[in-house]
Amino acid sequence: MNSIKISGGKPLCGEVVVQGSKNAALPMIAAAVLCDGVTVLHNCPQIIDVNYMAEILKTIGCKVVWEGHSLIIDATYVNSYEIPTELADKMRSSILVSGALLGRLNHARIPYPGGCVIGKRPIDLHLEAFKQMNIGIFEEEDGLTAYTEQIVGNTIELPIASVGATENIMLAGVRAKGTTIIKNAAREPEVEELGRFLNKMGGDIKGAGTNKITISGVEALHGTQVDITPDRIAAGTYILAAVGTRGSIMLKNAPINQLEALLSVVEEMGASYMVREDCLWIDGTNANNFVAHIKTEVYPGFPTDLQSQLLSVLTMAEGVSLVSESIFEARFKTVEWLQKMGADIILNNNHARITGVAFLHGEDVEAQELRGGAALIIAGLMAKGSTNISNAHYIQRGYEDICKDLAMLGADIYYD
């Protein structure tokens, strides 16, 4: 199952249920380390990155089991502060375990995290914040050791609104002595969800989801249960697949209030949508218009995790669109493959100029990262003929079963 085969040219039609959020689940799994007890994460997506994080927790003494889509974590006997290199190398989010281990054991040994090719994503913001919280950082060639006698709250102003750094400060600060204030905090829904989860565990966090978060340290946390919010990026991917194929679909369990930036863009393209409770109906039948200019931004702006998918859709819009990437410097890895499929895209640093073409044609292409792989799936659904996408494991890092979901919407797609 390392490749995906698609026979394109069919409009999507039908309904699909949105999976639980990858970006909400990963910091929650790390947070489970903070309590001496059992945590249950309901609606947890069964994806590669979640399984990697679960394996990390097992290596430090946690018991982790699945019951359906509920991930059960028993962190009663955390007995190690070292994260194995072979697991940390596989995913960026492994760095979040350091904040949780510091909150639990005052000690963490973690290799430099891997798993990402879309940009540098340096961890210096995390380390500088830790230093301001009375945590000593000892950097070595193969990783770092962090240690403290007592985490002490402080006021930390982030130079950029980093999601990972915001979450790691929350994880370290929830059991600190005193109060931690994060200024210029990331506002993404996943940060708000982590705050909600930590508060259910007995934490005292105010302002998660705003640019100022106040964390009053508590002595201990307890186990709890939580329902993970639906995945806004998975939902956005399916919306763009419907728009790109000029189809009409219903998304059930959709995080509608988190999709405003995307819905504004697809409306500009000529799509229409209707909301009923937690269901979103999207009609892309007339979505032929170009988008004059869209720039990725931190939430609530247009998400960088949907930029590649939008790029695929715009390849067949009528006119010239401009897409600017302001978050990650290497987000345009799909361009060469879209060009191979017939797209007219010109790159200039962090800008892509897309002139719509009449059609794309199927080709053998290669996924190089998660969201770019999803973008190639959308391009394959739009294209005439057959498309084969190799390195499908990248896509499985964030989508539980994208082939099954799209097949339910009428796509001719399967793992090979």
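This is a predicted model: local features need pLDDT of at least 70, side-chain atom pairs count only at pLDDT 80 or more; totals for chains, interfaces and linings use all residues.
**View 1. Packing of helix 8 against helix 12.** Helix 8 spans residues 232-244 and helix 12 spans residues 370-382. Their axes lie 9 Å apart and pack at an angle of about 25°. Angles under 35 degrees count as roughly parallel, so helix 8 is roughly parallel to helix 12. The crossing of these two helices is right-handed. On the helix 8 side the contact involves Ile233, Thr237, Leu240, Ala241 and Gly244, which meet Arg371, Ala374, Ile378, Leu381 and Met382 of helix 12. By class, 7 residues of this contact are nonpolar, 2 are polar and 1 is charged.

**View 2. Packing of helix 8 against helix 10.** The axes of helix 8 and helix 10 (residues 307-314) cross at roughly 5° and come within 9 Å. That angle makes helix 8 roughly parallel to helix 10. Ile233, Thr237, Leu240, Val243 and Gly244 of helix 8 meet Gln309, Leu310 and Val313 of helix 10. The contact of helix 8 with helix 10 comprises 5 nonpolar and 3 polar residues, with no charged ones.

View 3. Ile6 has Thr387 in strand 22 as its bridge partner.

Terms used
Residues are numbered from 1 along each chain as its sequence is written. Side-chain values use heavy atoms; hydrogens and water are left out. Axes are lines fitted to C-alpha atoms, for helices over the stretch in contact, and angles run from 0 to 180 degrees between N-to-C directions. Helices (H or I, at least four residues) and strands (E, at least two) are DSSP runs, numbered from the N terminus. Angles under 35 degrees count as roughly parallel, over 145 as roughly antiparallel, 65 to 115 as roughly perpendicular and the rest as oblique. A crossing is left-handed if the near helix is turned anticlockwise from the far one by less than a right angle, and right-handed if clockwise. Contact means heavy atoms within 4.5 Å. Ala, Val, Leu, Ile, Met, Phe, Trp, Tyr, Cys and Pro count as nonpolar, Asp, Glu, Lys and Arg as charged, and the others, Gly among them, as polar. Two strands pair if DSSP finds at least two bridges between them.
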